[in-house]
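Work through the exercises below with the model open. Each task is followed by a stepwise solution.

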Amino acid sequence: MELDEGFSDEAWDENADSGCEISRGSSPGERDDGAVGVADDVAARVVDEPAPDAVDGGGDGDIDSAGATGREPAQPVFDEREAIVNDRARGPAHEIAVKVEEVAAIHGFMIDLDCGILNPDVLGADAVASAEALYNEHVSHWLDRDPVLAKAEVRDTGGGLHVLLWLDQPILCGSEEAREWDAIARGIRNALPGDPSVNGIIAMTRPVGALNTKYEPPREVRQLREGHPITRDEILAFDRRVTDHPARLWMTVFCGGERVSPCPMCRAEGSSLGVAGSWQCRCYGCGRVSAASLVYRFFSNDFLTKRMG
Amino acid sequence: MVSFADFDSRGDHNWIVRDLKAARAALVAVERGCTRPKLISSVTPAGQFIGDAHETIFEVMGHLRGSGRLYRQGNTTIFLHGRTRPDGSCGPTPIVVDGIVTKVASPIIGNVLMCRALKSNPSGKGAKADQPVEYETQFPVPLPVLQQAFVSDGSMDEIPEARYIVNHPVYDKDFTWLDVGYHDLQRILVCGESFEPVFLDPPRFETPPIEVADVLNRLPPLIRRMVEGFHWNGAVDLINYIGAALMIPLMPALVEDGHPGVMFWGNQPSIGKSLAAQCLAILKDGEQASPTSVEGGAREVENQMASELNDGRTVLFIDNQKGMLNIPIIEANMTAKQLAIRGFHVQKKVRRPNDLLWLITTNDAMPSDDLLSRCIHIRLCYEGLPDSHRFAMSDGELVAFVSHNRSAILAEFAGMIGAWLAGGRPEAGSPCRFAIAGGVIGSVLTYNGLSGFLSNTREEIRENSAKQQQLIELVGRIIDSRLPGFMWEIDGDIDVADAVFKKEGPPKSPMEQKDWVPYLIGVGAIPPSCDTPQKQKKAVTQYMGSVVKVPIEVAYGEVTVQAMIVSRPLRSRRSCYVLAVCGLPPAPGGAPESSSDPSWLAGADADDEASTESAADMPDDEAGSADIKELGESLWD
């Protein structure tokens with residue numbers, strides 16, 4: 001099933017799991033660039049009807065029927081999500097999702113590192129197979145290298161990591177400002193190889209202790225790193241560093257400094273890659289490369305092929 | 001299979017570059033405190049529609065309505081400019097006047113809505129060699145598109161109407177406090193800083209204030225600080241000033257019935273008239289008012305007024321006027337419920353409720369009677385060289401104080417009103433041409449221990465009205481000469497003199513219009529251009545019609561004499577007039593012999609015969625009734 005740009009894998013899976021269908025027709029939620037906001041998909045287009053291709057086959061929406069899976073009958077298990085905007089509601093995605101225009105308070109920003117879209121040749125097979133391994137082998141180091149990212153909370157959601165930058169005080173905004181903050185959130189997620197399909201400010205995390213029912217058996221969401229709140233000014237300064245000098249930020253975060261040897265691109269012996277401008281890095285072996293390549297290389301070729309569409 | 005190297009190129013697939021560019025633009029917008037406009041791509045820079053025009057118009061109006069910054073006021077469509085919300089320093093800017101989109105509409109609307117188009121550079125040669133093959137351009141919504149959108153059927157239906165747009169919280173006509181935001185029920189848009197009325201416990205005073213210090217002691221602290229440095233002529237002047245300021249938070253309640261202007265008088269220049277007026281302007285609009293010149297005629301005045309309104313200002317400030325002050329366009333609009341002003345370059349009139357604050361300052365101007373009767377009069381007085389006086393604060397300090405504490409000062413004024421409301425709205429209004437303004441403001445002031453609002457109006461009109469001055473002179477001359485037939489000495493109530501004069505028969509020697517001509521020429525009430533009997537009669541009739549039954553008081557020696565010109569119709573559409581006088585002491589040495597030929601009387605000889613003729617026409621069958629005897633019988637003797 002092919003996804004339109006702007007559709008969240010998460011939301012798509014969510015609706016697939018829950019036996020819902022998503023209409024792709026034009027709607028008032030259609031963005032100016034032609035893409036469709038996921039919030040509209042989830043909030044406005046979710047139809048509570050069981051789909052024939054529902055994963056659990058039961059067609060019972062977000063409720064993972066224990067009886068159907070043969071597990072010990074107990075309380076129904078919800079695929080619980082946690083909003084990071086407005087009142088930080090918790091519940092099934094289709095119940096707590098809001099449109100960008102409906103956001104009045106922003107409590108944090110999220111980067112979704114999905115193991116399924118990362119490149120095992122770059123990060124290693126273990127890191128792609130296990131979110132905890134991904135964190136221990138790579139992400140924890142990346143976060144430690146930046147003063148803002150170092151304050152992030154990290155949750156293992158079963159199939160990936162949610163890197164959460166919580167604000168000390170919510171940012172209050174109107175509908176117009178919410179669009180700006182959504183763009184800022186989308187910029188921030190590119191500080192790390194975050195899933196580009198996930199929303200900006202209306203992205204939802206999973207609460208610690210909840211079960212991710214996309215997997216069988218469901219996986220419990222665990223906190224891998226305790227976060228510390230950051231201020232509005234810190235997030236704006238971080239966004240400015242991401243947008244103004246991404247090469248410097250990515251080299252520092254991913255490579256530990258503004259010059260690394262050998263060059264992570266060509267890996268030639270004796271080569272080195274260094275920052276050569278706001279958007280450029282330079283290796284005397286492989287030449288000048290765009291700084292974005294430092295991030296793109298973390299994504300699997302399958303995912304990039306699908307994105308290139 | 002695609003690799004990451006393939007993403008190192010331009011295009012929508014390069015989401016990192018796209019996201020970071022968008023994030024950077026958003027960051028700038030957030031740091032500036034304003035948002036970026038939405039973009040539509042279905043119009044060309046020339047104003048042509050791409051695809052379905054109706055759909056594009058619907059989209060444009062939807063974006064504008066959705067911005068929450070578009071309001072209707074009168075025949076004008078207003079766009080909140082400067083801030084995205086009513087709070088802060090946003091300014092309402094007219095973008096459509098009576099269906100005509102103004103020239104500034106496109107760039108102003110560009111704050112929320114812009115157009116974009118893709119341009120191609122297929123050759124990649126010449127001057128455009130560095131440009132990409134395809135690049136985006138953005139431009140404001142073309143005027144033809146906006147014009148079409150604003151006149152399309154139903155386009156204005158969902159735009160909220162803002163009957164009043166004020167930049168501070170106010171009371172509505174039901175005395176409900178309206179804080180910042182749009183109030184659908186009252187159709188009032190309140191912009192500016194939010195505040196609540198400050199309820200101070202007003203001290204109870206049983207006696208009216210006598211001195212300026214008494215008034216100051218009864219004022220809330222910030223208001224007192226604002227006004228204590230001025231040289232008020234008397235307590236009533238300061239009370240009037242407080243009353244004028246109370247119009248600001250009460251304006252929506254006063255518009256329907258009209259509200260007075262404010263006229264500042266001074267005994268000499270540079271004693272703070274303009275500063276006192278500017279303090280009111282700052283309270284009203286948040287900034288000092290720019291003076292409006294009355295030179296250049298009514299058209300120019302209209303242009304300036306329209307300019308002030310288009311700038312979102314609601315204060316009209318006419319500063320330091322001299323000489324005759326007769327501006328019909330201002331007199332007409334000052335009392336109107338709705339302003340109707342034709343602006344510069346606009347063929348249509350701007351119509352909106354009259355919620356303006358009209359401020360006039362002068363030392364020695366001669367305003368028309370209409371203007372005098374439409375104003376609250378505030379007199380400043382300082383004896384000595386103007387440069388030697390000192391305010392409690394310098395001009396700049398006072399302006400800064402009022403600007404900085406504007407909300408707090410307005411909150412104190414609102415608190416005075418709130419206290420009156422909480423006290424059950426006891427009525428103690430002041431007599432005023434504008435009943436609601438005089439009633440409400442007078443009651444609020446009286447409740448707060450500041451009685452006497454507008455008590456100087458009659459005196460100010462008498463002192464400053466050119467017509468009153470002419471009348472006083474005329475009365476003085478008649479009394480001095482004690483001309484028979486022109487003066488009727490009475491002993492009773494002068495207010496009933498006219499009724500009695502009309503009720504009883506004509507006097508023995510009725511003085512008609514032609515008899516009064518030389519007297520009126522002598523005091524300048526009839527211009528010299530009236531050089532024919534017909535013109536003179538018409539001028540006398542016109543003048544007498546404006547002064548008849550107007551009670552006046554004139555000083556005669558040590559006593560004050562009450563006087564009133566009264567009239568009664570004669571046959572053949574003629575009228576006679578006489579000056580009724582009460583309290584006139586006997587003339588020293590009896591009545592002057594030369595009463596028929598006073599030295600100042602112009603053309604008296606020519607009228608002697610006419611006077612005799614008119615006396616012959618007098619019917620004498622009604623003379624000598626009881627009422628006449630009660631008041632005085634001299635005319636009928």
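**Exercise 1.** Describe how helices α7 and α8 of chain B pack.

Solution. Step 1: take the axes, which are lines fitted to C-alpha atoms over the stretch in contact, with angles from 0 to 180 degrees between N-to-C directions. The axes of α7(B) (235–254) and α8(B) (273–285) come within 9 Å and cross at roughly 20°. Helices here are DSSP runs of H or I with at least four residues, numbered from the N terminus.
Step 2: classify the angle. α7(B) and α8(B) are therefore roughly parallel to each other (angles under 35 degrees).
Step 3: list the contacts (C-beta atoms, placed from the backbone, within 7 Å). Tyr241(B), Ala244(B), Ala245(B) and Ile248(B) of α7(B) meet Ala276(B), Leu280(B), Leu283(B) and Lys284(B) of α8(B).

This is a predicted model: local features need pLDDT of at least 70, side-chain atom pairs count only at pLDDT 80 or more, and totals for chains, interfaces and linings use all residues. Residues are numbered from 1 along each chain as its sequence is written, while chains are lettered from A and ligands numbered from 1 in the order in which they are written.

**Exercise 2.** Which residues does Phe413(B) contact, leaving aside neighbours within four places in sequence?

Solution. Phe413(B) is in contact with Ile223(B), Ala245(B), Leu246(B), Ile248(B) and Pro249(B).

**Exercise 3.** How many residues of chain A and chain B are in contact with each other?

Solution. Step 1: 32 residues of chain A are in contact with 29 of chain B.
Step 2: find the main contributor. On the side of chain A that touches chain B, α8(A) gives the most, with 9 residues.

Methods. Two residues are in contact if their C-beta atoms, placed from the backbone, lie within 7 Å. Helices (H or I, at least four residues) and strands (E, at least two) are DSSP runs, numbered from the N terminus. Angles under 35 degrees count as roughly parallel, over 145 as roughly antiparallel, 65 to 115 as roughly perpendicular and the rest as oblique.
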